[in-house]
Structures are given as structure tokens and as C-alpha cells.
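Here is a short briefing for a reader who has not seen this structure before. Please look over the sequence and the model first, then read the points below.

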Amino acid sequence: MPSNDVAFQRCISPACGATYDVGQVLVSCPECGNLLDVAYDWDRLPIPKQLSELEEKWRLRSEPLNFSGVWRFRDLLPFAPDEKIVSVGEGQTILQQANFVAEYAGLRPGKLFLQYEGMNPSGSFKDNGMSAAFTHAHLIGAKRAACASTGNTSASLAMYCSVTQLMKAIIFVGSGKIAYGKLSQALEYGALTVQIAGDFDDAMARVKEVSSKLGVYLVNSVNPFRLEGQKTIMFRVLEALRWEVPDWIVVPGGNLGNSSAFGKAFIELKELGLIDRVPRLAIINASGADTLYELYEKRNLRWRQGDPNAELACYYYDELDEQQRKASTIASAIEINRPVNLNKCIRALEFCDGVVRKVNDQQILDAKARVGAGGIGCEPASAASVAGAKILCEEGIIGADERVVCILTGHQLKDPTATVAYHTTDQAQFNEVLGSRGVQRASFANRAVAVQNDLDEIIRAIQLYS
Ligand code: F0G
């Protein structure tokens, strides 16, 4: 088993703090059951004196690891030797200033930035984390890797497996619960696709059991190596802002891996003296999958410096079971009621003075339409970030002059069904896909114009509508 004397795994609970070798495959602390972090002995590592030094790697981008938007920051996630790192060129993403969308959200021009993670090779932010988890899987010699997924994690895992041919992908999805763009990726990339009669929460529980029984490497975000890769989204945001820390990071919350990773990134940058302040974190749930909102904002679940009132989550999950309440939202990517990273996420919220909001499917789809009309499209879950920023501006919690970065987590083409139903002229299609979810109108719809196949009519229509 490989051992690395500067990186190790550590239980996130300060009361436990047990440590484990990087060569061990763990998804929770064997001592106390809590989540694990990848931790580093920074004193023995060559840490840059300032963040701008990290740009040097980009000059050397003919070298694949320096081309990767994840691994050119490997000084800040140094758990694998270079020769073991698996990269398919992930993380070439952009931070786009978005004035059109800023106006919608209630921010002044120049204040809203969209971090477009849809540009990753499999079309979502997951590639950042998958590259890191896959690297760890490769490091320990895994031959099969599994995940439960609402679609993007599975697309990403399937892609890494097919591009590298290093492992076989086994994916668990809820039956009828994933958007077609994502399902088509997993099937085409050749993943063994197990459709479970249930939702994501059911699939997640099962994949944990199966991977432990069969010794299959698990790449869900309970895997601490996944989150190391996702830290780099924040490094790229800072880099694009010329290493200035924004006032807010706004991110959709599902299984809470991303928000946890962002928190860890800022905890480490602060500890290393590479930033002098941290942004505030806003995590946005869908109203139909609002566990974090309920626990954090309503019931006051807090990290309390490592001594969380975790029983609140247990009571809440019992309630969900008693009422047989299942997650339900058009933003299928975040249709999750039992987020596995809850504890790490509340740690991030504490460190980043965070807030949690929820947005309904109407707000999500309207925000999505504005994001698309403003330039780069995204899938419904991603638009929750913009819908959430708008609410926080309306509440006065985000000031119109504050610098806000919304994370667009997935590509627009991931979920064509939701997009086409929003813009359709066919009321029956609208009702079936969206009306059934309480979406009443498509305020920003761009409807196709139907015309006869006749030149004069076509010209008349263009003159009428343009
Ligand atoms: N946005 C998109 C597009 C996602 O696919 C996900 C999660 C999230 C946001 C939420 O991120 O879980 O880190 O809070 N998708 C997972 C999946 C669950 O299986 O693809 P999170």
C-alpha cells in the first residue's frame, strides 16, 4: 500500500482526530464514523509564498499536469506523486462577468461573476473531484469504481473510466431520476448502469453497502479525495479575480460536497496565510430538497467548532421517514434529502459566515432562462445559485455593490427536457414536465415561431418578431 509521509487522512471531529494513511480506502472514520479529510503536513511542503506564484505552472502548460485546471494547483493538494495522477484536461473553466444576469439578481454592473463549470470534459464540476478520486483509486490499484448519482457524478466517473481504460465504472441511479443528457453519457461511455427502483438517497445507501461488500472503490463525495479536487474551483475563481477574494460565493447544495470543498479550500488558504479574509458562503437548496435549509436556518444545526448538535439531523431524518417524504424538484441534480457531507458543510458555513436559502422550481427555471439569455447556459440545479443570489439581494443580505460569484455547476445540454418544456408553445408539454411541479409560468420563455413552408410567410414572421 502506498504511503505518503506528508499527506494523511484525518477524522473531521476534533474530539476524535484519528489519522490514517493515504493508502487506505475509507469513506468514514473507523473509530467514530465521522467524515474524513485529507490533511497535510504543510510545514514539510513547498508552499508558495503568495497565490500568484501558482500561475507559473500555466506557463508550462505543454506538460499535461500543468494544463489541468486541477493539477496545476497540486501544491495545494499534494497527496499523489505526479506519475500516478490521472488527468483528462479537466478544469479549463471560465469566470464570466455577467452584467445581464447581475441586473436580474439585483446587483450593480460588474459585480456578478458566473463560474462556468459546464466547460469540463463531461460537462459538470464533478470532473474536478473525479480526477482526484480517480487518481487515488489508481494509486491504490482499484479496478472497479462505483457511485450513486443524480447523473453528473456518474457521467464523470464513466468518462474517466472510458478515457483511461483503467477501471470499470459501476453506477447506481434512481429509476427515472436522472436527466437524459447525463444518462446518455453513462450509457455511451460504457458504465455498468444499475437503475434502482428508488431515488438518489436509496441509491446512495445501496452503493455504500455494495462497495463495501464487493470491495469496489467508491467515488461519491464521502470519499475525501474527491473534495481535494473540488477545492481547485475556488483557486481558479481567485485566480480569475487576480487573487482578490470576492464577497460571496453562491453554490447550489445537493450532497454538499462542493460547499464542503470550498470551505476546506478557504480554511487551508487562511491557515497558510495565502489569503487574509474569506468570502461569505451562500448555499442554495431546492425547496423540494431542503434538508440543509431546514436544519441550518430553522433548527439551528451548527458545527460549534467541531462539536455539532448532530442529533438534530437524526430527528429530522426520522421525521422524513415517518412522513415518507421524498425529495422532489425539477433540479434533479440536487434532488437529495440526506446529504452525506452535512457535517463538513456546516463546518464550511461556520468558517465562511454562511447562509442557506431555498428556491422553488419556478425561481430556478426563471433564473436559468436569464442565465441562458445572458450568455452561457446551465442546467436547472446550477441556476439555483443565481435564484438564491437574487433572494439574498432582495433580503438585503447581499449588497448590490458586493462582488458575488455564482457557481454554474453543470452544462445547459445536460437536461434538455426542462429547458424545452420551459420555452415550449405546447401547453400539454409544459403541464406535464413543469406544471406538475407547481411551475405556473415561463416568464422568460423564448418561444419558437411556427410558420408554413412559404417564403412570404417566413419573411413576414421574421419582420414581425425581430
Ligand atoms: N449542481 C449539479 C449540476 C450537480 O450535479 C450537483 C450534484 C450539485 C449541483 C450539488 O452538488 O452534491 O456537491 O452539493 N450532483 C451529484 C451527482 C449528487 O450525483 O451528480 P453537491
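## Helix packing, burial and backbone

The model is predicted: local features need pLDDT of at least 70, side-chain atom pairs count only at pLDDT 80 or more, and totals for chains, interfaces and linings use all residues. Residues are numbered from 1 along each chain as its sequence is written, and side-chain values use heavy atoms, with hydrogens and water left out. Helices (H or I, at least four residues) and strands (E, at least two) are DSSP runs, numbered from the N terminus.

**Helix 13 and helix 15**

- The axes of helix 13 (residues 361-373) and helix 15 (residues 416-423) come within 11 Å and cross at roughly 90°. Axes are lines fitted to C-alpha atoms, for helices over the stretch in contact, and angles run from 0 to 180 degrees between N-to-C directions.
- Leu365, Asp366, Lys368 and Ala369 of helix 13 make the contact with Thr419, Tyr422 and His423 of helix 15. Contact means heavy atoms within 4.5 Å.
- The residues of this contact divide into 3 nonpolar, 2 polar and 2 charged. Ala, Val, Leu, Ile, Met, Phe, Trp, Tyr, Cys and Pro count as nonpolar, Asp, Glu, Lys and Arg as charged, and the others, Gly among them, as polar.

**Helix 4 and helix 5**

- Helix 4 (residues 126-139) packs against helix 5 (residues 152-164) at an angle of about 50°, and their axes are 9 Å apart. That angle makes helix 4 oblique to helix 5; oblique is what remains once angles under 35 degrees count as roughly parallel, over 145 as roughly antiparallel and 65 to 115 as roughly perpendicular.
- The crossing of helix 4 with helix 5 is right-handed. A crossing is right-handed if the near helix is turned clockwise from the far one by less than a right angle, and left-handed if anticlockwise.
- On the helix 4 side, Lys126, Asp127, Met130, Ser131 and Phe134 take part; they meet Asn152, Thr153, Ser156, Leu157, Met159, Tyr160, Cys161 and Thr164 in helix 5.
- By class, the contact of helix 4 with helix 5 has 6 nonpolar, 5 polar and 2 charged residues.

**Helix 4 and helix 8**

- Helix 4 also packs with helix 8, at an angle of about 140° and with the axes 6 Å apart. The two helices are therefore oblique to each other.
- Helix 4 and helix 8 cross in a right-handed way.
- Lys126, Asn128, Gly129, Met130, Ala132, Ala133 and His136 of helix 4 make the contact with Phe225, Arg226, Gly229, Gln230, Thr232, Ile233 and Arg236 of helix 8.
- This contact has 5 nonpolar, 6 polar and 3 charged residues.

- Buried means under 20% relative accessible area, exposed over 50%, and partly exposed in between (1.4 Å probe, protein chains only).
- The buried residues of helix 5 include Ala155, Leu157, Met159 and Tyr160.
- Among the elements covering them are helix 4, strand 6 (144-149), strand 7 (168-174), helix 6 (180-189) and helix 8 (224-240).
- Gln165 follows helix 5 and has a positive phi, near 55°.

- Helix 10 is mostly covered, with 6 of its 8 residues buried. Those residues are Thr291, Leu292, Tyr293, Glu294, Leu295 and Tyr296.
- Their cover includes strand 11 (280-286), helix 11, helix 12 (342-351) and strand 12 (355-359).
- Most residues other than glycine have a negative phi.
- Asn300, in the loop between helix 10 (291-298) and helix 11 (311-322), has a positive phi near 65°. Asn300 is partly exposed, with a relative accessible area of 45%.
- Arg304 lies in the loop between helix 10 and helix 11, and its phi is positive, about 50°. Arg304 is partly exposed at 42% relative accessible area.

**Gln96**

- Gln96 is found in strand 4 (residues 94-97) and is partly exposed, with a relative accessible area of 26%.
- Leaving aside residues up to four places away in sequence, Gln96 touches Leu112, Phe113, Leu114 and Ile376.
- Gln96 and Val237 are 141 residues apart in sequence and 10.0 Å apart in space, C-alpha to C-alpha.
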